[in-house]
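Reader: I have a model open on my screen and would like to learn how to read its contacts. Could you walk me through it?

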Amino acid sequence: MHELSIALGIVKISEDETAKAKAKKVTKIELEIGELSGVELESLNFVWESAIKDSVLEFAEKEINIIKGKGKCIDCDTEFDMKFIYDTCPKCNSNFKGILQGKELRVKALEVI
Amino acid sequence: MCGTCGCGSDSNGPTILKPGEHEHVHGEHTHSHENHHHHHDGHHTHEHSHKHKVLEIEQDILQNNQVLAARNRGYFEAKNIFSLNLVSSPGSGKTSILERTLADLKDEIPFYVIEGDQQTLNDANRIDALNIPVIQINTGKGCHLESDMIFDAVKKLDVKNDAILMIENVGNLVCPSMFDLGENKRVVIISTTEGEDKPIKYPDMFHTSDICIINKIDLLPYLNIDIDKLKNYALQVNPNLQFFEISATTGEGMDAWYKWLKKNVI
């Protein structure tokens, strides 16, 4: 359940940034999570409540932007959608690809008061 | 709440112990809860306009772990320490491979070992029996090692220059994949008794590894596993993987692995 570490990482960033901005609490948090990031949203949601308890995030609205996986074949340059990290090039079947997007795991923005 | 184990108190966080040390020493893992103070200072500055302000953060959630991993990597580079992060599911033979490797090479290469498990000093005691400096990290409820634990453990272990540092991660094929420890190479171990489709069942770990050791090849006559199929699945996830097929029990195939280790430390 590494999602708990992820959730607590989000809490830490939020605490730090809220303090830096001399704000009191977060009203809304925007996250960017890629489909290939290795984080299960269900697990993240499961641990969320206990992770944010007594933190600046306790009453914050959570918005998650899911970022679709995209890769580019190194052998034939085809760009393609990726559902799994082991997806092969649909055109030439090569295993060699660069991941263009989908590995994101980011706190994008905080709305604070 | 404890940042590592998720418990309500601090008492279940990771402990870092050498064999023979008392098991209930806490405090190596620093809980940074400094932001939990409440602003109850004299002048009450609460404005009733409730002005919302948007902070564009754009910060990687794992940044803290990555920064400390980079610090570990720099430390290893400066001291010419070749560090390996051994990952696998429980029971694939990480500790047995370590034991055999250390016993066979300890006269040629100085080794240091960090053992990661949720509980017990058992693995550290097995390594200690070979007279290799070892330290145990018990993660409590935690399912993986993080770079700050390695940072603390390496200092306590006092690793000398020109050595190999073996970090045996918690037996878990999922969580440790996301946490860079600052290692030079990540080694994923799979045994022949596991399914050949494991690389695509747990792709993240194979995707982030450099080396794949296939252990327990002495059992092949009794099993239905197709090694080539296993390798093809692994290469589909990560075409750059380098394989070693070994048996830690019989010693078969260990020479190629030893050759690779020696090449990297000199």
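Author: Gladly, and keep in mind that this is a predicted model. Let us start with one residue and its surroundings: beyond the neighbours within four places in sequence, B:Thr95 is in contact with B:Glu115, B:Asp123, B:Arg126 and B:Glu168.

Reader: In which element is the place of B:Thr95?

Author: B:Thr95 belongs to helix α2 of chain B, which covers residues 94-105.

Reader: Is B:Thr95 buried or exposed?

Author: The general idea is a cut-off: a residue is buried when its relative accessible area is under 20%. B:Thr95 has 8% relative accessibility, so B:Thr95 counts as buried. Its side chain also makes a polar contact, at 3.2 Å, with the side chain of B:Asp123.

Reader: Helix α2 of chain B also holds B:Arg100 and B:Asp104. What joins their side chains?

Author: A salt bridge does, with 3.8 Å from N to O.

Reader: Now a charged residue elsewhere in chain B. Where is the place of B:Arg186, and is B:Arg186 buried or exposed?

Author: B:Arg186 sits in strand β7 of chain B, residues 185-191. With 5% relative accessibility, B:Arg186 counts as buried.

Reader: Which side chains make polar contacts with the side chain of B:Arg186?

Author: One partner is B:Glu183, at 2.8 Å, and another is B:Thr208, at 2.9 Å. The pair of B:Arg186 and B:Glu183 is also a salt bridge, with closest N and O atoms 2.8 Å apart. Both B:Arg186 and B:Glu183 are buried. Leaving aside neighbours within four places in sequence, the contacts of B:Arg186 include B:Asn85, B:Val87, B:Phe179, B:Asp180 and B:Asp210.

Reader: Let me turn to the other chain. What pattern does chain A follow along the sequence?

Author: The order is α-β-α-β-β-β-β-β, made of 2 helices and 6 strands. Of the 113 residues in chain A, 51% count as buried. To see how the chain folds back on itself, look at sequence separation: among contacts in chain A with a separation of 6 or more, 70% come from residues 24 or more positions apart.

Reader: How should I read the place where the two chains meet?

Author: The size of an interface is often given as the accessible area lost when the parts come together. Here the area buried between chain A and chain B is about 3500 Å², and carbon and sulfur atoms give 62% of that. The contact takes 43 residues from chain A and 40 residues from chain B. There are also 14 residue pairs in polar contact between chain A and chain B, counting pairs with both residues at pLDDT 80 or more.

Reader: Which elements of chain A each supply at least two residues of the side that touches chain B?

Author: They are α1 (3-20), β1 (26-34), α2 (41-52), β5 (97-101) and β6 (105-112). The most comes from α1(A), with 12 residues. By type, the residues on this side of chain A divide into 22 nonpolar, 9 polar and 12 charged.

Reader: How do β6(A) and strand β2 of chain B run?

Author: They run antiparallel, joined by 6 bridges; β2 of chain B spans residues 53-60. To locate the pairing on your screen, find A:Glu111, which stands opposite B:Val54 in β2(B).

Reader: Which residues are linked with them in a network of salt bridges?

Author: The network links A:Glu32, A:Arg106, A:Lys108 and B:Glu58.

Terms used:
Residues numbered from 1 in each chain as written. Chains lettered and ligands numbered in written order. Heavy atoms only, no water. Contact = heavy atoms within 4.5 Å. Buried area = accessible area lost by both parts, 1.4 Å probe. Polar contact = N/O pair within 3.5 Å; in protein donor to acceptor, adjacent residues only side chain to side chain. Helix = DSSP H or I, 4+ residues; strand = E, 2+ residues; numbered from the N terminus. Nonpolar A, V, L, I, M, F, W, Y, C, P; charged D, E, K, R; others polar. Pairing = 2+ DSSP bridges. Buried < 20%, exposed > 50% of the residue type's maximum accessible area, 1.4 Å probe, protein only. Salt bridge = Lys/Arg side-chain N within 4 Å of Asp/Glu carboxyl O.
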